[in-house]
Amino acid sequence: MIFLAGMTELFSYALERGWRGMDDPLPGFDDDKALLFSGGSLTVALESLMASPVTAEVKFKARRPVGIDAASLLGSPSGALAMHRVVWLVSDKARLVFANTIIPIEGADAALLDELEARTQEPIGAVLGKKNITLVKENIETGVVMCQEAALDLSLDEKTAFVARRYLLSGRVGARTLLKAVVTEIFSPALIKVKAPVNKAILI
């Protein structure tokens with residue numbers, strides 16, 4: 001599997017056909033649109049759905065350069081330093097969402113970044129919510145992927161197809177933006193199942 005520049009060894013995937021925007025959503029997922037295109041905190045949505053607290057199981061976190069693809073989405077220079085964080089969002093011991101977040105250091109609030117790195121067991125959305133920081137999601141795209149790491153963690157066949165989404169995330173207080181990030185989330189089939197066969201994939 002080919003690593004996308006800016007991703008980590010624990011977060012690579014093969015993408016079927018390409019990402020699809022809100023004007024061309026994945027077919028057959030009408031019942032899941034509320035979750036796939038939710039504009040608020042995914043943590044809050046999952047806690048409501050599961051009726052149980054959601055925590056973060058950290059697989060990887062480090063400060064390293066932003067890759068070409070993530071830089072293009074963020075409008076940041078390739079190679080700029082960023083905080084990379086790969087986690088499972090977990091509820092009642094069930095792994096629900098495999099998430100990769102890339103936050104450029106330049107322009108971000110330093111104290112907030114330090115707090116995010118210190119509070120590793122909490123989802124980013126939960127940390128921001130407790131600080132009354134507004135989450136803004138833009139350019140939400142959905143797709144179908146194969147991710148070996150997610151499949152192994154869920155004890156599934158490595159060719160299992162997953163529903164995924166990616167988007168730009170901003171944390172804002174009033175007119176001030178405290179951080180910008182690109183987020184990619186892969187949903188466990190226990191949460192959202194792929195409803196059609198995976199066709200020819202693009203390796204990412």
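Which backbone nitrogen does a side-chain oxygen of S41 reach at the start of α2? It is the backbone nitrogen of T43, and the side-chain oxygen of S41 comes to within 3.2 Å of it. The model described here is a predicted one.

**Two helices, each with a buried face**

Helix α2 covers residues 42–50, and its buried residues are L42, T43 and L46. Seen down the axis of α2, these buried residues fall within an arc of 100°, so they line one face of the helix. After α2 comes A51, whose phi is positive, near 55°.

Helix α4, residues 110–118, can be read in a similar way. Here L112, L113 and L116 are buried. Around the axis they cover an arc of only 100°, which puts them on the same side of α4. A110, A111 and A118 are exposed, and they sit on the face turned away from the buried side of α4. The buried residues of α4 are covered by elements that include β2 (54–65), β3, β4, α5 and β7. At the start of α4, a side-chain oxygen of D109 reaches to within 3.3 Å of the backbone nitrogen of A111.

**S38, a buried loop residue**

Between α1 (33–36) and α2 there is a loop, and S38 is placed in it. Is S38 buried or exposed? Its relative accessibility is 12%, so S38 counts as buried; the cut-off for buried is under 20%. Leaving out residues up to four places away in sequence, S38 touches K33, K137, I140 and R165. I140 is 102 residues from S38 along the chain, yet the C-alpha atoms of S38 and I140 are separated by 9.1 Å. The side chain of S38 also makes a polar contact with the side chain of R165, at 3.5 Å. A polar atom of the S38 side chain lies 3.2 Å from the backbone oxygen of L35.

The phi of N132 is positive in a residue other than glycine, and S155 has a positive phi although it is not a glycine. The table gives the values.

| Residue | Loop between | Phi | Relative accessibility |
|---|---|---|---|
| S155 | α6 (148–153) and β6 | about 60° | 66% |

**Cavities**

Rolling a probe the size of a water molecule over the atoms shows where empty space is left. How many cavities of 30 Å³ or more are there? The count comes to three. The largest cavity holds about 220 Å³ of space. It is lined by 17 residues, and those closest to its centre are T101, I124, G125, Y167 and E185. The elements that give two or more residues to this lining are α2, β3 (81–91), β4 (94–104), α5 (124–130), β5 (134–146), β6 (161–173) and β7 (176–187). β3 provides the largest share of the lining of the largest cavity, three residues. By type, the lining residues of the largest cavity divide into 10 nonpolar, four polar and three charged.

Note on methods
Residues numbered from 1 in each chain as written. Predicted model: local features only at pLDDT ≥ 70, side-chain atom pairs only at ≥ 80, totals over all residues. Heavy atoms only, no water. Buried < 20%, exposed > 50% of the residue type's maximum accessible area, 1.4 Å probe, protein only. Helix = DSSP H or I, 4+ residues; strand = E, 2+ residues; numbered from the N terminus. Arc of directions from axis to C-beta. Polar contact = N/O pair within 3.5 Å; in protein donor to acceptor, adjacent residues only side chain to side chain. Contact = heavy atoms within 4.5 Å. 1 Å grid on protein atoms, 1.4 Å probe; cavity = no way out; pocket = protein on both sides within 12 Å on 5 of 7 lines; lining within 4 Å. Points joined across faces, edges and corners; volume = space filled by probe spheres on them. Nonpolar A, V, L, I, M, F, W, Y, C, P; charged D, E, K, R; others polar.
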